[in-house]
Amino acid sequence: MAIEKIYAQLSCSDIVNSAKWFQTLFGRAPDARPMNGLVEWRHEKQAGFQLFENPGDAGRGTMTLIVSALQKEHERLTEAGMAPPAIEPADSVSLVRLRDPDGNLVVLAQPGRA
């Protein structure tokens with residue numbers, strides 16, 4: 001299988017409320033609203049994120065985002081009012097575990113120590 005692009009997807013119960021949260025997380029508005037109940041953010045040419053309004057599956061997902069400057073992202077999210085928990089250092093990665101409005105786990109991770 002030759003994969004050209006991959007999209008992560010999380011389900012939410014309220015697309016308007018959740019889209020605002022992810023807009024703060026990503027620091028920008030969605031790139032597309034391809035259909036009712038779906039918003040997308042594109043990240044470079046090979047990756048993207050879809051937020052889909054599906055109350056039955058909301059809060060059951062996990063997404064990990066690898067970032068290059070976890071401390072800076074933590075500071076930016078704090079300034080934006082998201083109140084992220086402390087950075088968790090580990091042997092090979094540092095991370096911050098966030099919960100979106102439905103309880104989906106969104107992990108920001110940086111290889112090595114932040």
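This is a predicted model: local features need pLDDT of at least 70, side-chain atom pairs count only at pLDDT 80 or more; totals for chains, interfaces and linings use all residues.
1. Contact here means heavy atoms within 4.5 Å. Residues are numbered from 1 along each chain as its sequence is written, and side-chain values use heavy atoms, with hydrogens and water left out.

2. **The core.** L51 is also one of the residues that touch the most other members of the largest nonpolar core, together with F22, L25, W41, F49, L98 and V106; this core has 21 residues. A nonpolar core is a set of buried Ala, Val, Leu, Ile, Met, Phe, Trp, Tyr and Cys residues joined through side-chain atoms within 4.5 Å. Buried means under 20% relative accessible area, exposed over 50%, and partly exposed in between (1.4 Å probe, protein chains only). At least two core residues come from each of β1 (6-12), α1 (15-26), β3 (38-43), β4 (47-53), α2 (70-79), β7 (93-99) and β8 (105-111). Helix α1 gives the largest share, six residues. Helices (H or I, at least four residues) and strands (E, at least two) are DSSP runs, numbered from the N terminus.

3. **The largest pocket.** Its volume is about 420 Å³, taken as the space filled by probe spheres set on grid points joined across faces, edges and corners. A pocket is an open set of points on a 1 Å grid over the protein atoms alone, where a 1.4 Å probe fits, with protein on both sides within 12 Å along at least five of seven lines; lining residues have an atom within 4 Å of a point. The lining has 21 residues, and F26, H43, L65, I66 and V67 lie nearest the centre. Strand β5 supplies the largest share of the lining, four residues. By type, the lining residues divide into 13 nonpolar, four polar and four charged (Ala, Val, Leu, Ile, Met, Phe, Trp, Tyr, Cys and Pro count as nonpolar, Asp, Glu, Lys and Arg as charged, and the others, Gly among them, as polar).

4. **Salt bridges.** A salt bridge is a side-chain nitrogen of Lys or Arg within 4 Å of a carboxyl oxygen of Asp or Glu, and the count comes to five. One of them joins E73 and R76, with the closest N and O atoms 2.9 Å apart. These two are three residues apart in helix α2, so about one helical turn separates them. Another pairs R42 with E40 (3.9 Å, N to O); R42 is partly exposed at 38% relative accessibility, whereas E40 is buried at 10%.

5. **S11 and D57.** S11 lies in strand β1 and is buried, at 10% relative accessible area. Among its contacts beyond four places in sequence are F52, N54 and D57. D57 in turn meets R60 in a salt bridge (3.9 Å, N to O).

6. **Two backbone angles to check.** Most residues other than glycine have a negative phi. E44, in the loop between β3 and β4, has a positive phi of about 60 degrees. A83, in the loop between α2 and β6 (88-89), has a positive phi near 50 degrees. E44 is exposed at 72% relative accessibility, and A83 is exposed at 62%.
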